Amino acid sequence: MVSHYRSWAEVNTENIRHNVEVIHNRVKKGIFAVVKADAYGHGAVEISKVLEKLPQIEYLCVATAEEGKELREAGIKKGILVLGGLLPEEKKYFTEYNLIPVISDYNQLKLVKNLPIRKIHLKFDTGMHRLGFPPEEVDNLLRKLDGIQVEGVMSHFPSADTDRQLTENQIKQFKGIVDRLKHLKPKYIHLQNSAGLMYNCDYCNAVRIGISIYGEKPSPQFNIPVKMVMGVKAKLITVKKLKKGERVSYNGTFQANRDMVVGVVAFGYADGLPRELSNRGYFKINGKKAPILGNITMDMTVVDLSEVGNVSPSQEVVVVGDGITFSQIASLSNTIPYEIMCRISKRVKRIPV
Ligand SMILES: *Cc1c(COP(=O)(O)O)cnc(C)c1O
């Protein structure tokens with residue numbers, strides 16, 4: 001099936017179901033599944049088709065109206081919440097595709113008043129300082145709602161993975177806000193992201209979960225047994241000998257200190273491999289490590305085949321999987337697994353398995 005692709009990502013939809021189930025078993029709350037940024041690079045349409053059939057999923061969350069449109073055009077019927085709010089130019093999308101906005105300021109609130117769908121989630125800023133009404137605006141805001149249906153009330157954690165004090169303060173502060181909005185009877189109260197699952201929010205009745213649905217732990221202390229969903233693979237283009245003293249790739253940053261056998265893999269930075277992995281990361285071939293030699297190029301990467309045994313042209317190379325995680329690649333390239341996941345590029349075909 002994958003024979004004519006040079007690189008591809010196998011998306012294990014069974015593991016999506018598994019992850020939703022183990023997360024739900026732990027929190028026992030409705031799940032808002034975050035499928036923004038093409039479902040963290042996993043393919044938003046395919047992933048949403050799986051998610052919308054699961055009874056634990058209450059909503060799908062995207063970042064932009066455009067992302068919501070893509071899901072609707074693919075036939076997704078589930079409620080879609082647009083986390084990034086509503087811009088004036090996007091009003092028609094919200095109507096046409098039945099998208100629900102997260103409202104974070106008075107300008108957006110005014111826009112909603114002209115929409116046929118007057119249903120929103122209200123966001124409060126309890127420490128992220130990105131989107132959200134300041135808590136002291138609650139009373140003023142209540143006077144301006146003007147019959148708009150507040151279906152949800154939410155806030156967001158900036159540092160649930162690193163700052164317990166701040167996170168616990170946010171849970172307290174958000175409770176105060178929720179109490180003052182109680183008479184609006186919001187159906188959903190949601191605060192926790194994946195890292196936030198390690199905290200208890202007893203007055204919340206839903207969680208907004210992204211990365212752990214895709215099987216990565218948001219922090220080392222995360223202890224829900226999720227399984228990796230996406231494995232990334234590429235083909236070996238050619239195998240060749242390198243003589244002692246010869247250099248590899250642009251700028252010759254690797255020089256052979258012995259005669260060796262190397263392979264050229266059809267995966268480069270245009271496929272989403274961080275160039276910072278040059279001379280640092282490795283792939284797996286035949287279950288063995290094949291270290292990256294020299295600078296990663298746009299479409300290809302040279303690897304050391306010394307330890308991998310027999311290989312043939314076109315052989316499958318594992319870029320992510322077989323013990324190589326997005327987190328490992330992220331820490332080698334000084335970033336977070338989220339970024340590595342969502343930069344796996346369009347050239348890498350997503351194949352549901
Ligand atoms: C992306 C996002 C999430 C999901 O966060 P994870 O750490 O991936 O679980 C939740 N809430 C908001 C507002 C987000 O933007």
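Predicted model: local features only at pLDDT ≥ 70, side-chain atom pairs only at ≥ 80, totals over all residues.

Visitor: From which domains does the lining of the largest pocket draw at least three residues each?

Guide: Domain 1 (13-209) and domain 2 (230-352) each contribute at least three residues to that lining. The volume of the largest pocket is about 690 Å³. It is lined by 32 residues, and K36, Y40, H156, N193 and Y338 are the closest to its centre. By type, the lining has 17 nonpolar, nine polar and six charged residues.

Visitor: Which helix gives the most to the lining of the largest pocket?

Guide: That is α9, with three residues. At least two residues come from each of α2 (36-40), α9 (326-332) and α10 (337-342).

Visitor: And how should I think about the nonpolar core?

Guide: In soluble globular proteins, nonpolar side chains tend to be buried together. Here the largest nonpolar core has 109 residues, and L51, I213 and V232 have the most contacts inside it. Both domain 1 (13-209) and domain 2 (230-352) give residues to this core, so it lies between them.

Visitor: What does V232 touch?

Guide: Leaving out residues up to four places away in sequence, the contacts of V232 include W8, A9, F267, F326 and I344. Another core, of nine residues, lies apart from the largest one and includes F254, M260, V262 and V302.

Conventions. Residues numbered from 1 in each chain as written. Heavy atoms only, no water. 1 Å grid on protein atoms, 1.4 Å probe; cavity = no way out; pocket = protein on both sides within 12 Å on 5 of 7 lines; lining within 4 Å. Points joined across faces, edges and corners; volume = space filled by probe spheres on them. Helix = DSSP H or I, 4+ residues; strand = E, 2+ residues; numbered from the N terminus. Nonpolar A, V, L, I, M, F, W, Y, C, P; charged D, E, K, R; others polar. Domains from an automatic or database assignment. Core = buried A, V, L, I, M, F, W, Y, C linked by side-chain atoms within 4.5 Å. Buried < 20%, exposed > 50% of the residue type's maximum accessible area, 1.4 Å probe, protein only. Contact = heavy atoms within 4.5 Å.
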